[in-house]
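Dear colleague,

I am handing over a structure that you have not worked with before, and it is shown just below. After it I have set out what was found, so that you can follow each point with the structure open.

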Amino acid sequence: MEHTFHYLLMANQAVFQKKVLEQLKETQLTVGQPKVLDYLKDHNGVSQKELALGCRIEAGSLTSILNRMEEKGMIERRIQNGNRRTFHIYLTPKGEELQKCVENAFLVLEEEVFKGISLEDREAFMRIFQDIYKNIMTME
């Protein structure tokens with residue numbers, strides 16, 4: 001299994017750029033925005049710092065992504081508990097609508113990439129892939 005990591009990265013890029021953005025073309029979402037919307041589905045009201053960690057996006061890049069999302073009415077930043085240094089990010093109704101589009105695109109994509117693969121093999125793959133991910137995230 002020569003260059004396994006390289007092929008995993010290539011597959012990730014191909015899947016995201018060719019399939020997810022293609023399915024979401026009419027939403028005019030840009031790179032990074034689907035990931036943020038997907039994360040906020042289960043973490044609405046999270047701090048910007050926690051959002052950066054959860055999405056694995058650099059803080060500076062996330063700020064740019066969030067600025068565009070706020071300008072387009074997808075999210076809003078709120079001060080919580082009087083702490084003016086930390087903003088919490090919330091989906092707006094428009095953001096919730098777009099998040100559902102993202103979720104549907106991810107489900108369609110999942111069906112496509114796992115076509116012809118048994119449920120048992122899917123589950124085994126996901127267990128192994130999660131272990132690989134954990135190993136990568138604990139590397140120094």
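**Salt bridges and their network**

The structure holds six salt bridges; please keep in mind throughout that this is a predicted model. One of these bridges joins the side chains of D38 and K41, with a distance of 3.9 Å from N to O. Because D38 and K41 are three residues apart in helix 2, which covers residues 33-43, about one helical turn separates them. D38 counts as partly exposed at 25% relative accessibility, and K41 counts as partly exposed as well, at 35%.

K41 also forms a salt bridge with E103, where the closest N and O atoms are 3.8 Å apart. Since K41 lies in helix 2 and E103 in helix 5, this pair ties together parts of the chain that are 62 residues apart in sequence. The relative accessibility of E103 is 30%, so E103 is again classed as partly exposed.

A further salt bridge is found between E76 and R78, whose closest N and O atoms are 2.6 Å apart. E76 has a relative accessible area of 31% and is partly exposed, while R78, with 37%, is partly exposed too. Turning back to the bridges of K41, salt bridges with shared partners join D38, K41, D42 and E103 into one network. R78 has another contact to look at, for its charged end sits over the ring of Y90, 3.8 Å from the ring centre.

Q99 is placed in helix 5, which spans residues 93-113, and with a relative accessibility of 6% Q99 counts as buried. Leaving aside residues up to four places away in sequence, Q99 touches L37, D38, K41 and L91, and of these D38 and K41 are members of the salt-bridge network described above.

**Aromatic rings and a nonpolar patch**

The count of aromatic pairs comes to two. In one of them, the rings of F114 and F125 have centres 6.0 Å apart and planes at 65°, and the pair is therefore edge-to-face. This pair links distant parts of the chain, with F114 in the loop between helix 5 and helix 6 and F125 in helix 6, 11 residues apart. F114 counts as buried at 12% relative accessibility, whereas F125, at 40%, counts as partly exposed.

The rings of F125 and F129 have their centres 5.5 Å apart and their planes at 20°, so this pair is stacked. Both residues lie in helix 6, four residues apart, which is about one turn of the helix. F129 is partly exposed, with a relative accessible area of 34%. Taken together, the ring pairs link F114, F125 and F129 into a cluster.

F125 and F129 also belong to a nonpolar surface patch of about 800 Å², to which M126, I128, I132, Y133, I136, M137 and M139 contribute as well. Helix 6, where F125 lies, runs over residues 119-137.

**The protein as a whole**

The secondary structure comes to six helices and three strands, and from the N terminus on the elements follow the order α-α-β-α-α-β-β-α-α. Of the 140 residues in the protein, 28% are buried. Among contacts with a separation of 6 or more, 51% are between residues 24 or more positions apart. The protein exposes about 10100 Å², and carbon and sulfur atoms supply 54% of that area.

Key. Residues are numbered from 1 along each chain as its sequence is written. This is a predicted model: local features need pLDDT of at least 70, side-chain atom pairs count only at pLDDT 80 or more; totals for chains, interfaces and linings use all residues. Side-chain values use heavy atoms; hydrogens and water are left out. Patches are made of residues with over 30% relative accessible area and no salt bridge: like charges are joined within 9 Å, nonpolar side chains (Val, Leu, Ile, Met, Phe, Trp, Tyr) within 5 Å. Accessible areas come from the Shrake-Rupley method with a 1.4 Å probe; for residues, only the protein chains shown count as cover. A salt bridge is a side-chain nitrogen of Lys or Arg within 4 Å of a carboxyl oxygen of Asp or Glu. Helices (H or I, at least four residues) and strands (E, at least two) are DSSP runs, numbered from the N terminus. Buried means under 20% relative accessible area, exposed over 50%, partly exposed in between (1.4 Å probe, protein chains only). Contact means heavy atoms within 4.5 Å. Rings of Phe, Tyr and Trp (its six-membered ring) pair if their centres lie within 6.5 Å; planes under 30 degrees apart count as stacked, over 60 as edge-to-face and the rest as tilted. A charge sits over a ring if NZ of Lys or CZ of Arg is within 6 Å of the ring centre and within 35 degrees of the ring normal.
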